[in-house]
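Hi everyone, thanks for having me.

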Amino acid sequence: MSQRPDRRRSWVVTAMTVIAAYAVLTHVAELERVAQVLASGSAAWLLVALALQTLYYTAFAAVYQRAFRTAGVRLGLSEMAPVVLASVFANLAAPHTGPMVFVEHATRKGHPLGRAVAGVVLAAAVDIATFALILAAGLAYLFSVHSLQPYEVAGAVGMGVTILAWSTALVLGVTRPELLGRLLARLQRTANAVARRVRLPLAIADDWAARTAHEYGDAATVIAQDRPGIVVTAAIAWVAHVIDLASLYAVAVAYGVALSPGGLVAAFSIGVLFWVVSVTPQGVGLAEGSMALVLVSMGADADAAVAVALVFRGLSFWLPMGLGYAAVRRMPWARGPARAAAEPAGLQAIATLTAAMGVLNVVSAVTPSLRGRLLQLSEVMPLQVAYAGHLAAGLAGFALLAVSGGLRRRKRAAWVIATTVLCASVASHLVKGLDYEEAALSTGLIVWLVAARRHFHAASDPRTVRQALAIVAAAVAFTVFYGATGFYLLDRHYAVDYGLRDAIVQTLVMFSSFRDPGIEPVTHFGRYFADSIYTVAAVTLGYGLLACLRPAVLRRPATPEERERARRIVEAEGRSSLAPFALLPDKAYRFSPGGSVTAYTVKGRVAVALGDPIGPPRDARAAIADFVAQCSLHDWVPAYYQTLPTYLDLYAAAGLRALCIGHEAIVRLSSFTLDGKPGRALRTPVNRLTRLGYETRLHEPPLDDDLLAELRRVSDDWLALKHGREKGFSLGWFDEDYIGACPVLAVHAPDGHIRAFANIISEYQLNEVTIDLMRHDAAAERGTMDLLFVRLMEWAKGRGYDGFNLGLAPLAGIGDEPQDPLVEKALRFVYEHVTRFYNFRGLYDYKDKFHPEWSPRYLIYPATEHLLAIGTAIVRASSGTSSLWAYLRR
């Protein structure tokens with residue numbers, strides 16, 4: 001749970017972005033040449049290459065269909081084709097998970113796991129073995145022409161190791177199934193140990209190793225006995241690779257690269273080799289680069305070689321990967337957790353590509369257009385339009401960068417803005433220099449956004465959006481009046497004499513397009529006045545853009561009907577010390593269809609639920625999923641504060657993480673006593689105050705006004721002593737209606753005045769009692785609170801309660817084990833050394849005097865990157881302040 005990996009990844013992404021931008025800006029001429037070469041390809045031959053790739057993936061699906069059939073698994077070719085595409089996407093999203101897509105599909109169809117795994121192993125082994133023959137021919141050719149490089153030999157060795165691994169798995173299934181069983185058992189133990197370490201439920205069942213080894217052994221035996229099936233599978237795989245090779249030939253012809261048969265085989269085999277054996281996901285970068293290097297060594301022009309490698313990879317990998325994303329979303333077996341796992345990866349890819357498109361737009365805007373295309377464009381439109389296209393592309397780039405974060409959060413407004421801006425981006429790329437490459441990329445992203453539109457459902461705050469639109473409209477009206485009046489009255493500061501109509505047009509053009517339509521200031525003030533219009537436009541439009549991405553704000557309090565419904569559920573199903581606080585007026589409610597309620601509040605982008613959902617235990621999973629979905633709909637980060645250990649596995653299944661934040665002290669009243677050595681620390685102050693004439697009295701509700709006034713005096717005195725104010729959320733506050741409805745145990749001095757009190761609250765269906773406010777005045781004797789708690793526990797024990805809950809000791813008992821997460825160890829440091837704002841250790845030591853049982857409490861959260869925002873939201877909810885800074889300053 002450490003934040004270090006997330007931070008490291010963000011730095012890596014930032015560094016890669018900076019390096020990429022630098023590379024683009026310093027190699028504009030080279031990029032222009034590559035763009036010209038890409039555009040020069042023969043469309044007819046490229047269509048042939050596309051058709052051959054379609055045929056290749058059909059043959060590849062036939063390889064798996066035949067391999068499954070050899071292993072005793074019957075699947076149709078039509079249903080295997082989308083599975084093949086889905087595996088391509090899976091391999092990019094999570095490397096080496098592609099084979100599991102085939103296994104998942106087969107097992108969902110009711111076929112045994114072992115046979116499905118054996119079919120995948122056979123298909124992979126045959127696929128790689130047949131490719132190895134082509135690779136051997138390619139390496140032999142490179143060796144014969146003295147072009148064989150060490151890295152190519154190293155890649156071939158890696159391929160050999162891969163072939164050996166797949167083949168060994170098949171051989172073990174036939175000859176040594178017991179050894180295979182032991183290897184799988186070791187894998188099972190390792191996986192389960194890792195799952196326990198990260199506090200997830202066991203990932204693999206106890207009988208998995210033995211059952212899988214048995215089923216896999218049976219399937220491997222069937223495969224070994226069906227030699228014709230193996231031969232047919234290998235033949236289909238061989239045909240598939242030949243079709244793929246022909247596709248590369250078509251791309252090479254399209255770009256005028258003449259290759260001998262040996263050179264073609266060499267380029268193909270090395271490119272595919274570093275697709276399979278690569279340190280980057282699916283060989284991104286390495287496959288293209290290695291293929292281009294081989295083509296150059298065969299005498300091809302460098303720019304044409306790069307174009308061939310890029311286009312071939314686009315047809316053979318990137319296009320199928322995009323189709324694979326759509327396939328994953330539509331497959332019958334992927335409508336549960338698998339689809340839930342695949343969709344975020346696709347949406348993250350959309351957000352990342354939108355940001356990348358923003359960077360590309362900005363770079364494209366600051367680089368000159370290709371001279372030949374600009375001359376063609378000048379024949380149909382003035383060059384001023386092309387210059388405006390550069391500016392529009394740059395503005396579109398900044399807008400796409402701004403909304404990419406909103407797309408990552410599934411914002412509907414971000415989707416609308418991104419789609420609109422991309423449409424404008426297509427036009428700007430075309431009019432600024434016939435840059436149809438960028439226009440095509442924007443169009444492709446638009447298509448992907450439209451296909452995924454139903455996943456962008458997170459709402460923005462309607463009031464903020466309306467306010468932003470109103471401000472933009474007012475700014476437009478003000479700027480038109482301000483600019484038109486200025487240009488009309490300040491004509492001596494410009495070389496152009498503006499009439500009123502010209503002044504209005506001038507202002508509107510400057511506001512809407514940041515373009516300078518012939519303005520000629522002759523004084524410094526004239527330039528200042530023109531720049532002020534740009535400033536108003538930039539600030540106004542920027543504010544409007546960001547306001548549209550603001551998360552929904554929870555403004556409506558719970559209605560009386562909702563509070564009554566929540567009260568009935570809490571009284572019938574409440575089983576924790578937090579249950580009574582779910583009914584306080586600072587909560588909103590989310591009701592699940594199964595009869596549960598989640599009490600929560602929203603601070604910033606964080607929706608903090610108090611404790612676990614309250615309701616029937618069988619509905620807990622659905623209630624958690626419903627609350628998480630509600631948060632996603634409103635662009636809120638879901639969090640649960642002070643949950644019990646009971647539902648940790650359900651939170652994990654919902655994709656949430658758990659962080660221990662302390663332990664709750666629960667005194668077992670059956671064993672509570674003041675006798676003997678354990679009770680001496682409490683017995684001494686209780687006996688001393690009793691001899692001095694102090695006594696405790698239980699005041700049953702409803703409390704009269706005089707008693708409430710006395711309790712108010714004590715409460716105000718206590719707040720002054722602590723230099724604090726009332727808190728909330730997980731605690732109550734002094735309210736006459738609230739306190740007046742509770743039993744109150746008070747410590748009375750010999751003169752009759754109240755020196756300390758606590759209000760008693762029920763935990764409903766749990767035979768346990770707890771307190772909320774526990775306060776004393778400045779005149780209280782030392783040991784007064786000990787007397788109060790002892791009498792409370794004696795009263796509760798006499799009433800037949802099993803336990804007395806002393807509440808949470810924050811940060812106590814966490815981070816003291818070597819295997820604890822780094823975040824918990826950091827909190828442990830706060831517990832031991834930071835006492836400026838809160839005496840964590842002192843609170844724990846005081847509660848420990850009563851010899852309680854300690855029960856862990858957890859914070860449930862979606863990702864480490866949200867912990868700071870969640871912590872801030874909890875502080876704001878508990879303290880009643882508008883910001884963390886206001887709390888710290890107070």
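Please keep in mind that this is a predicted model. It holds 20 salt bridges, and I'd like to show you a few of them.

Let's start with Arg568 and Glu564, whose closest N and O atoms are 3.7 Å apart. They sit 4 residues apart in helix α22, so about one helical turn separates them. Arg568 is partly exposed, at 46% relative accessibility, and Glu564 is partly exposed too, at 31%.

Now, over to Arg857 and Glu664, which form a salt bridge at 2.5 Å, N to O. Arg857 belongs to strand β11 and Glu664 to strand β5, so this pair ties together parts that are 193 residues apart in sequence. Are they buried or exposed? Arg857 is buried, with a relative accessible area of 5%, and Glu664 is buried at 3%.

Next come Arg713 and Asp777, with 3.2 Å between the closest N and O atoms. Arg713 is in helix α26, while Asp777 is in the loop between β9 and α28, 64 residues apart. Arg713 is partly exposed at 32%, whereas Asp777 is buried at 2%. Both belong to a network of salt bridges that also includes Glu710, Asp751 and Arg755.

Among the buried ones are Phe789, Leu792 and Trp795. After the helix comes Gly800, with a positive phi near 90 degrees.

Conventions. Residues numbered from 1 in each chain as written. Predicted model: local features only at pLDDT ≥ 70, side-chain atom pairs only at ≥ 80, totals over all residues. Heavy atoms only, no water. Buried < 20%, exposed > 50% of the residue type's maximum accessible area, 1.4 Å probe, protein only. Helix = DSSP H or I, 4+ residues; strand = E, 2+ residues; numbered from the N terminus. Salt bridge = Lys/Arg side-chain N within 4 Å of Asp/Glu carboxyl O.
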